[in-house]
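I opened the model to look up a handful of local features. My entries follow, grouped by topic.

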Amino acid sequence: MVREFKLPDVGEGVAEGELVSWLVEEGDEVTEDQPIAEVETDKALVEVPSPVNGTVRELHWEEGDVVPVGDLFITYDVEGEAPDEAAAADAEPTGDEAAETEGSPGATGADAEEVATPEGRVFAPPRVRRLAREEGVDLAQLEGSGPGGRITEGDVRAAAEGQEAAAGAEPATGEADAATDVEPEAEPADAVAEAEGTTAGTAVPAGVEPADRDRTLAAPATRRLAQEEGVDIDEVPTDEERDGEAFVTPEAVQEYAEAQRRAQEADVATVATGETGPRERREPFKGVRRTIAEAMERSKYTAPHVTHHDEVDVTKLVETREQLKPLAEEQGIRLTYMPFIMKAVVASLKEFPEMNAMIDDENEEIVYRNYYNLGVAAATDAGLMVPVVEDADRKGMLQLSSETDELVTKARERTISPDELRGSTFTITNIGGIGGEYATPVLNYPEAGILAVGEIKRKPRVVTDEDGTESIEPRSVMTLSLSFDHRLIDGAEGASFTNKVMEYLEHPELLLLE
């Protein structure tokens with residue numbers, strides 16, 4: 001029998017998700033709970049499990065589509081009906097599809113054989129595939145270092161660097177020879193040059209301009225051909241349509257792939273002449289990037305921001321951490337400065353409860369929180385994420401360190417759950433790892449405050465000894481940038497809160513009392 005499966009709510013309340021990649025193909029045998037697709041919600045990448053044992057009959061969406069929760073997602077053939085009958089029904093359901101299978105080379109039987117072969121499938125999100133095309137990297141030749149063997153941007157860039165190194169060992173003459181070997185008598189350059197009015201050496205073939213559609217109809221064999229050729233099926237130009245939607249044939253894919261190869265050759269020639277390539281490119285504004293943008297816009301235009309900057313001498317903190325690092329390593333924990341900062345922030349929040357509060361705009365109330373959930377902003381390939389360390393006031397230094405490290409790692413690997421990204425009452429962001437000293441962090445709305453810490457640097461400071469004698473010494477100095485909701489917190493209060501944080505960081509022994 002045929003079993004329809006609709007996209008479930010994979011993010012506790014989300015209305016839709018972006019289909020990042022299919023993990024199965026039509027014709028694949030799957031088992032219950034086997035991951036069949038990766039769907040990206042507002043911040044998390046979630047694997048969607050199969051609800052049944054069966055055979056994949058039809059994938060109803062394409063990678064990159066935004067799928068509403070509750071819409072038909074995938075159809076299975078489950079035991080109880082001969083799969084051959086189901087396949088036969090698929091082979092000739094409509095006039096359009098019949099015409100497609102008759103008129104398209106590589107269709108029908110060839111389709112069935114190809115889609116039934118999962119070997120060679122590449123797990124990589126669209127942005128990584130796009131990067132691979134730009135760098136000329138064959139994804140099928142890479143081993144992914146991401147979760148579940150997914151190929152990451154780092155894998156592609158490493159492969160591209162390797163290719164460049166190899167190209168450096170064997171300069172361009174080899175490529176030129178190869179090109180002439182492949183098409184010694186084809187004369188495409190003349191034809192294109194005539195059409196474009198350019199010289200033969202830098203001609204850009206007609207039809208290379210990508211279509212950039214959101215949705216494309218094509219037979220499975222055509223999609224597989226596109227994958228083998230390394231082209232995005234949504235970028236293949238076509239004049240054909242089925243049911244009012246663009247329809248791409250294998251011929252169109254091959255023509256576009258060939259045009260791209262010629263264009264790349266033309267680009268190489270252009271670069272050799274010192275001219276620049278395209279000056280801009282466009283990508284859909286969606287997914288995590290859009291969610292971050294909406295959150296930033298809401299925060300910036302709802303809460304009037306004020307940012308207070310200061311510097312703190314953390315020489316003692318540096319010494320203390322150096323003393324404790326070996327002890328932490330004995331327990332398998334990498335001790336950073338973050339747990340010290342978290343401890344100092346929690347202790348200060350207890351003395352300044354407004355900084356741990358929020359304004360409930362709808363009910364016109366100030367909500368004071370007697371719990372301390374600290375968000376720790378982390379830069380990931382997908383954008384800024386804020387994992388949340390719950391009840392930070394109840395945890396020791398080593399527990400804070402290990403838990404923060406684990407959450408940040410999960411965020412960067414996109415394995416973090418939506419629950420681990422919500423519920424923070426105050427946020428800390430570390431800009432020191434990237435560079436720069438000061439920042440104006442935007443509130444993680446509706447929180448009242450966010451603290452940015454800069455890199456610890458050695459700077460000259462005036463030091464007064466017990467006798468009152470002043471001298472200039474090199475000291476370890478950290479910068480602090482505190483943004484706060486000026487509706488709730490006055491400038492003096494913001495400065496006092498910062499002073500309290502500085503006191504704890506300057507005298508870390510005080511944290512022993514916390």
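**Sheet.** I began with an open sheet of 4 strands, ordered β1-β8-β6-β3, with antiparallel pairing. β1 (2–6) and β3 (29–30) are at the edges with a single partner strand each, so one side of each has no neighbour in the sheet. I counted two strands as paired if DSSP finds at least two bridges between them. Helices (H or I, at least four residues) and strands (E, at least two) are DSSP runs, numbered from the N terminus. Between β6 (residues 54–59) and β8 (residues 72–77), which run antiparallel, I found 4 bridges. Val-56 stands opposite Tyr-76 in β8.

**Source of the values.** The model is predicted: local features need pLDDT of at least 70 and side-chain atom pairs count only at pLDDT 80 or more, while totals for chains, interfaces and linings use all residues. Residues are numbered from 1 along each chain as its sequence is written, and side-chain values use heavy atoms, with hydrogens and water left out.

**Backbone exceptions.** Most residues other than glycine have a negative phi, and most peptide bonds are trans. I looked up two residues with positive phi that are not glycine: Asp-33, at about 75 degrees, and Arg-414, at about 65 degrees. Asp-33 is in the loop between β3 and β4 (35–40), and Arg-414 is in the loop between α13 (397–412) and β17. For accessibility I used relative accessible area: buried is under 20%, exposed is over 50%, and partly exposed is in between (1.4 Å probe, protein chains only). Asp-33 is exposed at 56%, whereas Arg-414 is buried at 7%. I also noted a cis peptide bond between Tyr-445 and Pro-446, with omega about 10 degrees. Pro-446 lies in the loop between β17 (426–430) and β18 (449–453).

**Thr-336.** I located Thr-336 in the loop between α11 (315–330) and α12 (338–351). A polar atom of the Thr-336 side chain lies 3.2 Å from the backbone nitrogen of Met-338. Leaving out residues up to four places away in sequence, Thr-336 touches Arg-321 and Ser-401; contact means heavy atoms within 4.5 Å.

**Helix pair.** α12 packs against α14 (residues 491–506) at an angle of about 135 degrees, with axes 9 Å apart. The axes are lines fitted to C-alpha atoms, for helices over the stretch in contact, and angles run from 0 to 180 degrees between N-to-C directions. The two helices, α12 and α14, are therefore oblique to each other. Angles under 35 degrees count as roughly parallel, over 145 as roughly antiparallel, 65 to 115 as roughly perpendicular, and the rest as oblique. On the α12 side the contact includes Phe-340, Ile-341, Ala-344 and Val-345, and on the α14 side it includes Phe-497, Val-501 and Tyr-504.

**Tyr-368.** I found Tyr-368 in strand β13 (residues 365–368), and at 42% relative accessibility it counts as partly exposed. Tyr-368 and Ala-357 are 11 residues apart in sequence and 4.4 Å apart in space, C-alpha to C-alpha. Residues up to four places away in sequence aside, Tyr-368 touches Pro-353, Glu-354 and Ala-357.

**Helix α8.** Which residues of α8 (residues 220–229) are buried? I listed Ala-221, Thr-222, Arg-224, Leu-225 and Ala-226. Gly-230 follows α8 and has a positive phi, near 75 degrees.

Note on methods: A polar contact is a pair of N or O atoms within 3.5 Å; within protein, one must be able to donate a hydrogen and the other to accept it, and residues adjacent in sequence count only if both atoms are side-chain atoms.
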